[in-house]
Amino acid sequence: MQFLTHLSSTVQTQQTSHSVWQAAVQAGYPAALWRLPNRTDRELIIDSSGSVSTVVMDLEELPMGFAVSPFINPETENTLFLKADFYWRFDENGNILASQNQLATDHPAFDSLFKNNPKTVKNNLAPTVNIVQATDNQQQQFEETVGRAIRQMERGKFRKVVLSRTKTIRFEEQPAIPTLFNRLCAAYPNAFVSAVYLPDRNQIWIGATPERLVSVDAGGIFRTVALAGTQSAFDGEGRPKRTADAPWTQKEIEEQALVSRYIIGCFKKIRVREYIEEGPKTVIAGNLMHLRSDYSVDTQAVNFPQLGTVMLRLLHPTSAVCGMPREAAQEFILTNETHQRELYSGFLGPVNIYRTEGPETHLFVNLRCMKLEGQEGTLYAGAGLTEDSSPAKEWRETELKCDTMLAIVKS
Ligand SMILES: C=C(O[C@@H]1C=C(C(=O)O)C=C[C@H]1O)C(=O)O
């Protein structure tokens, strides 16, 4: 690990998470801002190369950075990677707690990012959000596709498939991402909240996902989850439900069990028996509830330091976002969905970030997210189908999942 120098104090004292994000976007440098689940501090990196490179996910080899993977990514070979040339950690008010810099201070990025300090920070959110309503046609088409999936499952082509749809919204002016980000952090304390600026694509992806894909912490503990089954976190009168009272149907229990079985199948493939399984239990994810089982492995105790990398390649895309068996479900998705998923239902998160004891990697499934291109936002949501699915109920589930982001942009 390279020795990291601190940013010069003049640069430091003038920065907040808002101004650094804004500076990166104005200068056209790739940037990622994130907050881990159940944490208050936020982290931000800037890649000074101006464009995002593509890497194979090898956690043992990659430098400190932030990975973003598309849904379709065989062997993780097409993962976008933002290098942490600059790194900051902020408290919840946006004040600097720590910073690191990998570049010489005469590097041109310093000038383009920090010369015109302080940047004017736009704190207001665009006043009006215009939601392009889902046409009856879109709902009808989705429900027809659910019907087609059910028929194929009845014929035994696959057991589960996750069908997704999009919802388009228009902002009167480009929204201030740090403001949306802060709102997501406040509203969803146990989510992984992130915003990623990808200048090559002219896109910003922002979201609050409940689903951990692969984590390896500084102590070498590997973690993943099996998450599936969805219901509103509120009862008919709008009161929050108690997780202990959440009623789950046979269909939802089976749907989540399929994801669990898939993960256990991956452990079996690589002959790892020493995993700890907890759950399934009901968890809150913003406006929703899901069923979740937690898996962990002490990679040092089993002497398997590459477990994170190996499991990542086996797991993605899990049956929480694709289906079972994977190949048949993926083929159904690619043939029947009317949009490209792009980075939705891929994975994203910090890689080899040094905090205290050593490098940590935390990759999450890119769900409950919005792609922002100029003033147009695209929301994505999917629903896990089994042969017991009801088309109208699955559509409603995708509406509820879109509400996780919508509630934030409208407030
Ligand atoms: C596919 C999504 O969510 C996934 C699918 C779920 C389900 O089918 O019940 C639940 C949680 C996620 O694993 C999404 O949010 O778009």
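Let me start with Asn303, which is found in the loop between strand S15 (288–298) and helix H7 (307–315); helices here are DSSP runs of H or I with at least four residues, strands are runs of E with at least two, and both are numbered from the N terminus. Before I go on, please keep in mind that this is a predicted model, in which local features need pLDDT of at least 70, side-chain atom pairs count only at pLDDT 80 or more, and totals for chains, interfaces and linings use all residues. Residues are numbered from 1 along each chain as its sequence is written.

Most residues other than glycine have a negative phi, and most peptide bonds are trans. What is phi of Asn303, then? Phi of Asn303 is near 55 degrees, a positive value in a residue other than glycine. Asn303 counts as exposed because it has 8 C-beta neighbours inside 10 Å; with C-beta atoms placed from the backbone, a residue is exposed if 12 or fewer others lie within 10 Å of its own, buried if 20 or more do, and partly exposed in between.

Asn352 also has a positive phi, near 50 degrees, and lies in the loop between strand S17 (347–351) and strand S18 (353–354). With 19 C-beta neighbours inside 10 Å, Asn352 counts as partly exposed.

Turning to the peptide bonds, the one from Gly279 to Pro280 is cis, with omega near 5 degrees, and Pro280 is found in strand S14 (residues 276–285). The bond from Met324 to Pro325 is likewise cis, with omega near -15 degrees, while Pro325 lies in the loop between strand S16 (323–324) and helix H8 (326–336).
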